[in-house]
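This report reviews a predicted model, with attention to confidence, helices and individual residues. The sequence and structure are shown first.

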Amino acid sequence: MKQLFDAAARSGFGKTVLKIDSDAINDERFWDQLSQVRKVKRLLFQESVAFKAEDLPNIGLEKLEAISFHVYGRTPTAEEWTLLDAKQSVISGYLDGRLRWKLKMSRLRLYFTTVPVVFLVTAVFALAGGIVRAMFFDNAPSGGATPQGAYLYSASVILWTLALGGLGACAFLGTTMISENARMNGLLPAGDGSAKSPETDFDLTDRDLIWTRIVVGILFAFLLGIPLSAGSLKFVVAQIATGDITTVRVNADLVQTMALTLLPFVIGFSTTLVLGVMDRFVTAIRTVFGMTGK
């Protein structure tokens, strides 16, 4: 059946019904390359790049401008491939380091918008679960929470921990991007030769590295922060339920509580901090067991 439909769609009558014109192509590789050339050209115009006089005739995409993609379109011709490669060579030659970095960042918008919002929504749901438990499931005859409330709170604590760890990792990526953008625009010096943290040289253009950084932040936050997350969520819920900031007194206990509350976020934000603490912990264990040798 699918083969019959494909044959009918590629016929003259089928293309008329589906409104497929002669400029529609079905080669995804060609379409991806053409889309990238269009993005580069748009970026150059947005940045008001001055083109050389001899390159002006080659800036326009000519007949490539009308090309669109359709799964039942035609195959691009060899002439169109040659023209596309020529246009890409000319247009890409105007990309300097700053523009290349900006173009790569535009392709990674998912990691700086959608992913943080997902973690934020997860944190809100976890917080809502803690509030619902405190309001409706905290009245068991024994004085504690009902079984349903205990299950709801356990799930909320896990979600709270994962969300804070993810938000911490996203906050690291965001602050790194802001710093790198300022450096690219000449607002910050490239470096003064001082010692740098390994996180300072994080490559934001590597998708796999970004995902790994997010996963590692969540993993560390869950493993090291889950023992304290129950108290963290309970503290936040209590502050929301009280709603009176005049009763809050800034003291050592409050500062300590706030630090423990934000611990999963901090762990997700700084893997260097986690690795430093773990290194001290391993060193202490080696000292206790007399394993001082390397």
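## Confidence of the model

The protein has a mean pLDDT of 78, and 78% of its residues reach 70 or more; pLDDT is the predictor's confidence in each residue, from 0 to 100. Over residues 192–196 the pLDDT stays under 50. For this segment the model has 2 contacts beyond four places in sequence, a contact being heavy atoms within 4.5 Å.

In this predicted model, local features need pLDDT of at least 70 and side-chain atom pairs count only at pLDDT 80 or more, whereas totals for chains, interfaces and linings use all residues. Residues are numbered from 1 along each chain as its sequence is written, and side-chain values use heavy atoms, with hydrogens and water left out.

## Helix α8

Helix α8 covers residues 114–136, 23 residues in number. Helices are DSSP runs (H or I, at least four residues), numbered from the N terminus. From first C-alpha to last, α8 reaches 32 Å, close to the 33 Å expected at 1.5 Å a residue; the expected span is 1.5 Å times one less than the number of residues.

Among the buried residues of α8 are Val115, Pro116, Phe119, Ala123 and Arg133. Buried means under 20% relative accessible area, exposed over 50%, and partly exposed in between (1.4 Å probe, protein chains only).

Thr161 lies in helix α9 and counts as buried, at 0% relative accessibility. Beyond its neighbours within four places in sequence, Thr161 contacts Ala221, Phe222, Gly225, Ile226, Ser229 and Pro264.

Asn181 also belongs to helix α9 (residues 147–184), but is partly exposed, with a relative accessible area of 33%. Asn181 and Met105 are 76 residues apart in sequence, and their C-alpha atoms are 9.7 Å apart in space.

Conventions. Helix = DSSP H or I, 4+ residues; strand = E, 2+ residues; numbered from the N terminus.
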